[in-house]
Amino acid sequence: MSFFQQLQDQTVAERDMLFAAPIIQQALAGKVALPSYIAFLTEAYHHVSHTVPLLMACGARLPARLEWLRGAIAEYIDEEYGHQEWILNDLAACGADPEAVRRSQPALPTELMVAYVYDRIARHNPVSFFGMVNVLEGTSIALATRAAGSIRSSLGLPPEAFSYLNSHGSLDLEHMDFFATLMNRLDEDDDRAAVVHTARVVYRLYGDIFRGLPLAA
């Protein structure tokens, strides 16, 4: 069995816990209120704004034996740069103040998730970062496009309010194929264990982000 498939199998309980969050079930049913969607985008801004810095931190700490992975990180950086600005544009289309969001503080689970991954990169194994990639991109594939359609129908928002969700639903399909190829090249047990452990923890923290969002009445 490939390591990518092992990663999916070994994190199924945490993934199911995330998908069971009430706000996700409401979103898929088209029952999300506008404040809920704005709150989701706000927290997305706060963690997506760290994607490129986390990639850079990971790449800087990789050992020479993983030089091939550093090259892949350079591709990721090129793909991911500036995506937080898409989210601010979506917020503006929702009637929110994007500059107020830029200046705001993240919710505690968001802050902890980002800090945890920085810590794993700096103090444990930099490959840990890819556990977070597995969670965020896998969740986007499973939920983003479906949720965007349901939310748009429910709230009557313009297409400009969904650039982040819509783009990530399709974009992450390509990313996940690339990601699977990278994970299947990892042949050290310590590297694989670091990815699995980080994915498990990030699933829980990401689930806490969703559970902290306001529910529709």
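This is a predicted model: local features need pLDDT of at least 70, side-chain atom pairs count only at pLDDT 80 or more; totals for chains, interfaces and linings use all residues.
**View 1. An overview of the charged pairs.** Welcome to the model, which holds five salt bridges. Side chains of opposite charge can pair when their charged atoms come close. The views below visit several of these contacts in turn.

**View 2. D191 and R65 join distant parts of the chain in a salt bridge.** The N to O distance between their side chains is 2.9 Å. D191 belongs to helix α12, which spans residues 189-211, while R65 lies in the loop between α5 (51-61) and α6 (67-80). D191 is buried, with a relative accessible area of 1%, whereas R65 is partly exposed at 43%.

**View 3. E67 pairs with R70 in helix α6.** Here the closest N and O atoms of the salt bridge are 2.8 Å apart. The two residues are three apart in the helix, so about one helical turn separates them. E67 is partly exposed, with a relative accessible area of 45%, and R70 also counts as partly exposed, at 23%.

**View 4. D119 meets R123 in helix α9.** In this salt bridge, the closest N and O atoms sit 2.6 Å apart. Helix α9 covers residues 108-124, and because D119 and R123 are four residues apart in it, they are separated by about one helical turn. D119 is partly exposed, at 25% relative accessible area, while R123 counts as exposed, at 59%.

**View 5. A network of E85, E99 and R102.**

Technical notes
Residues are numbered from 1 along each chain as its sequence is written. Side-chain values use heavy atoms; hydrogens and water are left out. A salt bridge is a side-chain nitrogen of Lys or Arg within 4 Å of a carboxyl oxygen of Asp or Glu. Buried means under 20% relative accessible area, exposed over 50%, partly exposed in between (1.4 Å probe, protein chains only).
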